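Have a look at the sequence and the model below.

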Amino acid sequence: MRIAILGGSFNPPHLGHLILADSVCVQMGYDRVLFVPVFNPPHKEMRHAASPEHRLAMVRAMAAEDGRFAAESCEVDRAGISFTYDTVRFLEEKYKDVLTDKIGVIMGQDLAQDYGKWEHAGELAERAQLILALRPTEIRNRAFENLPKGAYAHHEREFSIERYPHLVLANPEVAISSTDIRARVVRGDAWQYLVSKGVRDYIRGNRLYGCGLFERVQAFAKAHLSAARYEHSVRVGEMAAQMCARYGEDPFRGRFAGIAHDICKEIPGEEMLALAEQDGNPFSTLERSKLSLLHGRAAAVRLRQEFGVTDEDVLQAVANHTFGNGQLSDLAKIVFVADKIEPSRPQSTDEYRARLLALPLDAMTLAVLEENIAYLEKKGREVAGEALCFRDELRRKVGEV
């Protein structure tokens with residue numbers, strides 16, 4: 001039996017993987033393709049990843065639809081970081097009674113360009129048959145994209161695999177990527193026919209990648225907020241989405257954080273305190289004296305615990321939209337500002353917003369923050385220390401101090 005392996009994060013597995021495996025069987029005469037989900041990839045940091053167990057289960061569901069394919073669990077079973085060389089040696093032993101040829105190792109161009117950095121690259125090239133698959137330019141979304149790490153963060157100028165014996169597969173170039181699918185799932189965009197039926201059912205059944213998340217959080221906000229507060233949240237989401245488009249962030253994440261930022265605004269103070277305590281951060285004197293100021297922190301905890309939100313930028317934006325702080329992401333700055341200038345605010349005329357949005361992000365955020373601080377001081381109210389630190393950091397960034 002001729003066996004080839006296709007390793008990867010499979011986060012999630014999709015039709016492109018099936019098309020690639022089919023091409024290897026048809027064009028190169030392999031009898032079996034094993035899909036090998038990695039436990040922890042040595043070359044990239046996985047973002048918004050399903051657990052290894054979920055990814056293995058999805059691969060099994062996908063492979064079950066074709067008798068030539070199977071899921072191989074060895075790297076998940078092994079845990080830790082796995083190298084392809086070790087996996088090939090394991091599979092040689094596992095299938096020693098049926099193997100009739102070298103194991104084929106299928107890789108895309110994104111991995112092949114750094115093949116020289118692989119563990120035991122030379123020995124692997126002798127031991128296995130390297131198969132280079134054509135790969136189209138992927139549809140990318142920065143928020144959901146896995147990030148290369150370590151030596152893999154800097155690619156070779158030319159494919160380093162050219163230095164090693166390999167075959168080139170003339171597979172169909174299908175522009176489907178796991179990154180794009182994850183982004184589509186959380187947004188509620190069309191995605192279900194980019195994966196097999198088994199994978200589709202598994203994602204829905206286990207609510208992976210935020211499947212239906214926006215609708216669930218929106219429904220929660222509508223059910224737990226007054227009509228006026230809910231409408232404010234909708235406007236903040238719309239404002240944040242517009243600002244994200246202006247400043248190069250993901251509009252969906254802005255809309256989501258906006259609709260979610262006040263979900264704990266109207267719960268009792270003691271419940272708010274109990275939730276906020278779970279983020280592990282200390283409370284200021286101001287927060288303890290006015291528990292309603294904890295509603296952003298409480299909302300972030302609720303989003304993480306009850307809705308499974310893992311996007312740290314979104315959680316940070318929700319937690320810090322009241323005061324801000326000196327270490328906010330660009331998304332968090334946008335949500336902070338959107339909360340203060342959404343169209344129902346008394347000062348927020350079309351001209352006012354147009355003037356602000358003409359500024360760079362840090363300068364715009366600073367202008368809004370200083371207005372807010374001046375208003376509180378005029379009213380004789382205490383200004384949070386976090387807000388003052390935020391102001392100082394923004395002044396430093398825009399070069400005013």
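This is a predicted model: local features need pLDDT of at least 70, side-chain atom pairs count only at pLDDT 80 or more; totals for chains, interfaces and linings use all residues.

## A charged pair to start with

The side chain of Arg345 forms a salt bridge with that of Asp339, at 3.5 Å from N to O. Asp339 counts as buried, because its relative accessibility is 7%, and buried means under 20%.

## Overall build

The protein has 19 helices and eight strands. Its C-alpha atoms fill a box of roughly 85 × 45 × 35 Å along the principal axes. The chain has 401 residues, and 50% of them count as buried.

The exposed surface comes to about 18400 Å². Carbon and sulfur atoms supply 49% of that area. Take the contacts between residues at least 6 apart in sequence: 72% of these join residues at least 24 apart.

## Salt bridges

Side chains of opposite charge can pair when their charged atoms come close. The structure holds 28 salt bridges. One of them joins Lys96 and Glu93, at 2.8 Å from N to O. Glu93 is partly exposed, because its relative accessible area of 47% falls between the 20% and 50% limits.

Another salt bridge links the side chains of Arg396 and Glu393, at 2.7 Å from N to O. Both residues sit in helix H19, which covers residues 385–398. They are three residues apart, about one turn of the helix. Salt bridges also build a network, made up of Glu249, Arg253, Asp311 and Asp313.

## The second largest pocket

Rolling a probe the size of a water molecule over the atoms shows where empty space is left. The second largest pocket holds about 940 Å³ of space. Its lining has 31 residues. Lys340, Asn372, Tyr375, Leu376 and Arg381 lie nearest the centre.

H18 supplies the largest share, seven residues. By class, the lining has 14 nonpolar, seven polar and 10 charged residues.

## A loop lysine

Where does Lys117 lie? Lys117 is in the loop between helix H5 (109–112) and helix H6 (121–127). Lys117 counts as partly exposed, because its relative accessibility is 25%, between the limits of 20% and 50%.

Ile161 is 44 residues away from Lys117 along the chain. The C-alpha atoms of the two residues are separated by 10.0 Å.

Conventions: Residues are numbered from 1 along each chain as its sequence is written. Side-chain values use heavy atoms; hydrogens and water are left out. On a 1 Å grid over the protein atoms alone, a cavity is a set of points where a 1.4 Å probe fits but cannot get out, and a pocket is an open set with protein on both sides within 12 Å along at least five of seven lines; lining residues have an atom within 4 Å of a point. Grid points are joined across faces, edges and corners, and a volume is the space filled by probe spheres set on the points. Helices (H or I, at least four residues) and strands (E, at least two) are DSSP runs, numbered from the N terminus. Ala, Val, Leu, Ile, Met, Phe, Trp, Tyr, Cys and Pro count as nonpolar, Asp, Glu, Lys and Arg as charged, and the others, Gly among them, as polar. Buried means under 20% relative accessible area, exposed over 50%, partly exposed in between (1.4 Å probe, protein chains only). Contact means heavy atoms within 4.5 Å. Accessible areas come from the Shrake-Rupley method with a 1.4 Å probe; for residues, only the protein chains shown count as cover. A salt bridge is a side-chain nitrogen of Lys or Arg within 4 Å of a carboxyl oxygen of Asp or Glu.
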